[in-house]
Amino acid sequence: MTPVGIYPVPFTAAEARALVHGMLRIRRFEEAAAELYGLGKIRGFLHLYIGEEAVAVGVLRALRAEDNVVATYREHGHALVRGITARAIMAEMFGRTGGCCRGRGGSMHLFDAATRFYGGNAIVGGGLPLAVGLALADQMLGVRRVTACFFGEGAMAEGAFHESLNLAALWKLPVLFCCENNGYAMGTALERSESQTDLCAKAASYRVPVRSVDGMDVVAVRAAAVAAAAAVREGGGPQFVEFKTYRFRAHSMFDPELYRPKEEVELWKQRGPLHTFTDRLKAQGLFTEADFETLELEVKKEVEDAIGYAEASPPESVEDLYRDVCTPTASA
Amino acid sequence: MTATITYRDALRDALREALQRDARVLLMGEDVGKYGGSYAVSKGLLDEFGPERIRDTPLSELGFVGAGIGAALGGLRPIVEIMTVNFSLLALDQLVNTAAALRHMSGGQFHVPLVVRMATGAGRQLAAQHSHSFEGWFAHVPGLRVLAPASLQDARGMLWPALEDPDPVIIFEHAQLYNLSGQLEEAGSVDLTHARTARSGRDLTLITFGRMLPRTMEAAQALAAEGIEAEVIDLRVLRPLDDTTIMRSLARTRRAIIVEEAWRSGGFAAEVSARILEQAFFELDAPVQRVCGAEVPIPYARQLEEAALPSVARIVAAARALIGQQSA
């Protein structure tokens with residue numbers, strides 16, 4: 001074990017490599033998805049997470065297998081890092097039977113029972129009450145588990161946010177609320193849509209402990225998530241963490257990006273989570289360009305394999321249209 | 001000897017039985033605990049089962065219905081009470097976008113064994129924000145099962161099988177039925193798939209559900225005095241709808257009137273009517289008729305409210321007119 005000393009939490013070189021690997025997987029997977037969208041292989045909405053990778057990677061590396069994850073419609077990254085295979089995600093976006101939801105969900109609705117991944121929720125704020133309920137079940141059944149719930153700063157204008165924070169705080173439920181503040185609710189900047197732009201102040205008004213961290217720094221994200229998840233796991237009730245981040249790509253593939261200056265995007269790109277972290281690791285001699293190339297090759301293979309799998313995966317027969325509307329055992 | 005019991009008692013007995021039989025069952029909603037339920041359905045249950053399982057919630061319909069969905073996913077068997085039907089609109093997002101869709105959207109990986117109960121309907125002078133009937137809206141949604149208990153038997157027997165259903169079930173309790181009293185023949189579970197023939201008759205079929213059942217039965221009595229024998233069907237289960245019982249009846253009576261408390265346009269009666277036309281058009285001797293609520297936000301004043309609802313007189317008049325029409 002080689003401790004990476006300058007960081008606030010001790011972790012190993014292997015962990016550093018895992019963080020790079022996670023972010024790189026998301027980056028390359030989504031770049032491929034965007035290309036496949038252009039080719040018409042993926043349709044519907046496709047919301048890319050590129051630029052925000054440090055948040056999903058840092059938080060999910062701080063969770064355990066038994067924890068729950070509730071995410072949004074910008075969730076390819078969370079799904080990948082959580083352990084849904086690139087194959088199952090890509091096939092889902094292709095709308096094939098090999099997809100994690102047999103092509104019923106698509107990009108916005110990735111679900112996976114095995115990794116306790118509860119979506120893929122495309123109603124902004126819709127996942128928060130769900131997370132509260134999952135945590136209520138754990139509390140009542142005596143299961144020690146963290147439910148991590150991701151949402152954007154736009155969701156904090158929804159009633160669902162306020163109702164959920166109140167319930168979670170009132171009942172001291174084990175929820176880790178993870179706000180991915182990328183500055184824009186689709187095309188509307190935070191200061192144009194919310195009177196209180198201090199997001200922690202909003203959450204703190206429900207007497208939920210809060211912290212705000214640089215979401216472009218995977219180490220800071222991980223450290224905050226480790227601390228907050230530990231507090232939740234110890235039974236102290238919910239925690240709220242704001243991750244200040246930025247979406248490098250458009251909101252969706254239909255977005256002409258008229259609402260933000262190109263210079264702003266460029267400035268944030270200079271703070272990109274992937275290259276800033278690898279540069280720091282390299283400067284400390286913990287990571288080399290050759291290491292990076294090895295990971296690149298590994299990820300390239302994984303993405304190519306996923307695309308091949310998705311292409312080969314058969315489409316669902318339309319005779320199965322009504323499959324999974326109701327549970328077959330229920331007389332319907 | 002069977003004891004006299006009210007619809008409210010029957011619902012409470014069903015809740016108690018569910019809470020006793022399955023430790024995963026909890027009841028949550030506004031004022032279900034200390035207050036005893038806004039219609040006193042859960043009165044006394046807090047003392048019996050404690051505040052964890054008889055759980056008062058803040059006024060957050062979206063939040064606590066969504067939490068009910070999450071709790072169901074997490075292994076509990078929650079019963080969520082929404083105080084009144086109009087408030088359910090605040091939770092419509094969670095019910096339609098999540099509870100009803102989750103199984104399909106997740107490719108069958110997750111299902112939501114949630115039961116939602118709510119008081120529905122007019123008749124208590126509660127005006128335009130506490131008196132409507134949105135059963136038809138919910139019955140529009142695939143993935144939900146929609147129940148409308150109108151009898152003591154159903155009030156007592158629908159809850160347990162609803163909890164056993166792996167998918168979300170919405171139960172509409174009509175506010176005007178809570179004081180209905182009578183003899184409960186058997187306290188067992190009932191089926192959640194079939195309509196019930198509440199009265200047999202040969203001349204026409206009156207199809208209804210909820211609080212319109214007693215009114216329709218009264219109308220059938222009045223018609224019998226005139227020599228018109230009406231069959232009355234209590235739909236009970238609005239989704240999935242039992243077409244067979246309806247069509248079997250129409251094959252004999254050849255005339256149908258649908259009685260629904262809700263607004264006519266785009267209402268549930270329209271769906272029943274369309275199914276009859278699709279499946280039994282050539283059996284009919286006369287056009288299908290509807291007796292529905294007036295298309296007005298329910299007004300406060302008693303005479304106005306009453307005028308907005310299908311009355312026994314209107315049902316009787318519609319039946320007479322229909323019988324008067326000769327077949328070609």
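1. Ground rules. This is a predicted model, so local features are given at pLDDT of at least 70 and side-chain atom pairs count only at pLDDT 80 or more, while totals for chains, interfaces and linings use all residues. Residues are numbered from 1 along each chain as its sequence is written, with chains lettered from A and ligands numbered from 1 in the order in which they are written.

2. Confidence. Chain B has a mean pLDDT of 96, and 98% of its residues reach 70 or more; pLDDT is the predictor's confidence in each residue, from 0 to 100. For the complex, the predictor gives an ipTM of 0.94 and a pTM of 0.95.

3. Overall build of chain B. You'll find 13 helices and 14 strands in chain B. Here helices (H or I, at least four residues) and strands (E, at least two) are DSSP runs, numbered from the N terminus. The radius of gyration of chain B is 20 Å, close to the 20 Å that the globule rule gives for 328 residues, so chain B is as compact as a globular protein of that length. That radius is taken over C-alpha atoms, and the globule rule is 2.2 Å times the number of residues to the power 0.38. Along its principal axes, the C-alpha trace of chain B spans about 65 × 45 × 40 Å.

4. Packing of chain B. Of its 328 residues, 55% count as buried. A residue is buried if 20 or more other C-beta atoms lie within 10 Å of its own, exposed if 12 or fewer, and partly exposed in between, with C-beta atoms placed from the backbone. Take the contacts in chain B between residues at least 6 apart in sequence: 79% of them join residues at least 24 apart. Two residues are in contact if their C-beta atoms, placed from the backbone, lie within 7 Å.

5. Two domains in chain B. Domain 1 covers 4-183 and domain 2 covers 196-324, with bounds from an automatic or database domain assignment. Their C-alpha centres lie 26 Å apart. The contact between them takes 25 residues from domain 1 of chain B and 21 residues from domain 2 of chain B. On the domain 1 side, helix 6 (135-139), strand 6 (145-147) and strand 7 (169-174) of chain B each supply at least two residues. That side of domain 1 has eleven nonpolar, eleven polar and three charged residues. For the classes, Ala, Val, Leu, Ile, Met, Phe, Trp, Tyr, Cys and Pro count as nonpolar, Asp, Glu, Lys and Arg as charged, and the others, Gly among them, as polar.

6. The chain interface. Chain B puts 36 residues into the contact and chain A 39. On the chain B side, helix 3 (61-73), helix 4 (92-99) and helix 5 (102-105) give two or more residues each. Helix 3 of chain B gives the most, with ten residues. By class, the chain B side divides into 13 nonpolar, 18 polar and five charged residues.

7. A cis bond in a chain A strand. Worth a look: the peptide bond from A:Gly119 to A:Gly120 is cis, with omega near 20°. A:Gly120 sits in strand 2 of chain A. Strand 2 (residues 117-121) of chain A is mostly covered, with five of its five residues buried. Strand 1 (residues 68-72) of chain A pairs with strand 2 of chain A in the parallel sense over three bridges; pairing needs at least two bridges found by DSSP. The bridge partner of A:Thr72 in strand 2 of chain A is A:Asn121.

8. B:Pro240 lies in the loop between strand 12 (237-239) and helix 10 (243-253) of chain B. B:Arg254 is not a glycine, yet has a positive phi of about 65°; B:Arg254 lies in the loop between helix 10 and strand 13 (256-263) of chain B. With 17 C-beta neighbours inside 10 Å, B:Arg254 counts as partly exposed.

9. One residue up close. B:Val232 is in strand 11 (residues 230-234) of chain B, and counts as buried because it has 22 C-beta neighbours inside 10 Å. Leaving aside neighbours within four places in sequence, B:Val232 has contacts including B:Ala198, B:Leu206 and B:Met217.
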